Amino acid sequence: MAVNENLRTPIVSVMGHVDHGKTTLLDRIRGSAVADGEAGAITQHIGATEVPIENIVNKCGDPSLKDKFIVPGLLFIDTPGHHAFTSLRSRGGALADLAIVIVDINEGFMPQTIESLHILKRFKTPFVVVANKIDRIHGWEANKNLPFLATYNKQSERVRSDLDNKLYEVIGELYNIGFNSERYDRVNDFQRNIGVIPISAATGEGIADVLMILLGLAQRFLEGNLHYDAKAPGIGTVLEVKEEKGLGTTLDIILYDGIIKKGDTIVVGSLGDPIQTKIRALLKPRPLSEIKAEEKFQRVSEVTAAVGVKISAPNLDGALAGAPVRVASPDTIDAITEEIKSEIEDVQIDTDTI
Ligand code: GDP
């Protein structure tokens with residue numbers, strides 16, 4: 001088996017309560033992928049980071065694993081935590097193909113942890129739970145970047161039993177919400193049991209395990225959903241609506257199917273009638289090597305899924321984070337506009353809070 005060219009990169013979102021470590025985990029995944037260097041360069045997208053399969057298997061110390069996987073890598077999105085986004089996506093459709101729910105092992109579940117789990121349950125999105133900040137367990141001896149079991153086996157018996165107890169609390173809380181779970185290395189069937197991975201985003205302990213388990217989930221449960229047509233009209237989700245100097249209002253989107261080109265007509269969900277506009281520019285982050293360039297973005301003429309990209313176009317005021325964005329042609333624009341309108345109307349109940 002080898003990477004299947006017809007499959008797009010699975011999109012992974014990191015969810016969880018504020019301060020439990022989402023940003024640190026994403027930085028760690030990014031940082032370690034950068035540090036791994038040569039194999040396959042990681043690509044910084046707008047609102048997302050792509051980690052190629054080579055980096056992931058190298059990190060796990062067994063490059064031959066690459067032949068076992070058919071997905072090209074993983075695309076981690078910086079899922080906005082704000083209410084408008086969550087509220088729209090929790091009704092409009094799955095946030096991502098896969099998810100990581102992060103929980104501070106020392107604090108346990110909080111309202112946003114529970115909200116995330118309910119959303120994933122509704123959409124049957126495969127996910128793992130990471131129990132973060134194990135380095136804060138009293139007496140923990142950090143072993144930078146080691147896989148979980150390797151560092152766990154080096155700890156004193158008291159520290160290990162402390163961790164086990166905290167982990168059982170997490171497993172108990174998951175049970176209360178309707179999920180059977182186990183420490184990830186004891187899970188035989190990831191369809192029946194959620195894997196819980198103890199990690200430290202700060203020291204990198206357990207990160208390799210997270211990446212491997214995500215790849216395993218992608219492989220087992222997503223193949224049917226990842227086929228895409230690189231020539232079909234693009235379909236995506238708005239991550240953020242942002243003012244940019246010199247560009248006005250722009251959209252940061254995740255494109256999960258098809259292709260999107262400069263000059264394409266797009267339809268975007270808004271609180272009123274959907275916005276119909278024409279793409280003036282498609283923007284990606286500049287490579288780090290060109291950081292001194294005048295503009296922080298580079299212009300590209302087209303992108304294909306899965307990708308994070310910024311769209312500059314007229315009339316984007318009023319676009320909604322979490323709303324759909326789709327490429328339209330003269331033949332399809334009316335039908336697409338109607339579809340997007342009814343999707344947004346379905347969630348109007350909650351728009352007071354948007
Ligand atoms: P977010 O709000 O979920 O994005 O959380 P952050 O990533 O910003 O983390 C919140 C705080 O917890 C920051 O001060 C981090 O440095 C700290 N933190 C995150 N992960 C760890 C960890 O694994 N160990 C320790 N000791 N601190 C952590």
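**Burial, backbone and charge pairs in a predicted model**

Asn-315 is exposed, with a relative accessible area of 57%; here exposed means over 50% relative accessible area, buried under 20% and partly exposed in between (1.4 Å probe, protein chains only). The residue is placed in the loop between E17 and strand E18 (324-328), where helices (H or I, at least four residues) and strands (E, at least two) are DSSP runs numbered from the N terminus. The phi angle of Asn-315 is near 65°, a positive value in a residue other than glycine.

The model is predicted, so that local features need pLDDT of at least 70 and side-chain atom pairs count only at pLDDT 80 or more, whereas totals for chains, interfaces and linings use all residues. Residues are numbered from 1 along each chain as its sequence is written, and side-chain values use heavy atoms, with hydrogens and water left out.

The protein chain contains eight helices and 18 strands. Of its 354 residues, 53% are buried. Among contacts (heavy atoms within 4.5 Å) between residues at least 6 apart in sequence, 71% join residues at least 24 apart.

Ser-312, in strand E17 (residues 307-312), is buried, with a relative accessible area of 2%. Beyond its neighbours within four places in sequence, Ser-312 contacts Leu-247, Thr-250, Ile-279, Arg-280, Ala-281 and Leu-283. Ser-301, in the loop between strand E15 (297-300) and strand E16 (302-304), is exposed at a relative accessible area of 52%. With neighbours within four places in sequence again left aside, Ser-301 contacts Ile-260, Lys-261, Lys-262 and Leu-282.

Further backbone features occur in loops. The peptide bond from Ala-305 to Ala-306 is cis, with omega near -10°, and Ala-306 is located in the loop between E16 and E17. Lys-133 has phi near 70°, a positive value in a residue other than glycine. This lysine, Lys-133, belongs to the loop between strand E6 (127-132) and helix H5 (148-152) and counts as buried at 17% relative accessibility.

Side chains of opposite charge can pair when their charged atoms come close. The structure holds eleven salt bridges, each defined as a side-chain nitrogen of Lys or Arg within 4 Å of a carboxyl oxygen of Asp or Glu. In one of them, Arg-183 pairs with Asp-185, and the closest N and O atoms are 2.7 Å apart; Arg-183 is buried at 4% relative accessibility, while Asp-185 is partly exposed at 33%. Lys-341 forms a salt bridge with Asp-273, with the closest N and O atoms 3.1 Å apart. Lys-341 lies in helix H8 and Asp-273 in the loop between strand E12 (265-268) and strand E13 (275-278), so this pair ties together parts 68 residues apart in sequence. A salt bridge also joins Glu-339 to Arg-326, the closest N and O atoms being 2.7 Å apart. This pair links helix H8, which holds Glu-339, to strand E18, which holds Arg-326, 13 residues apart.
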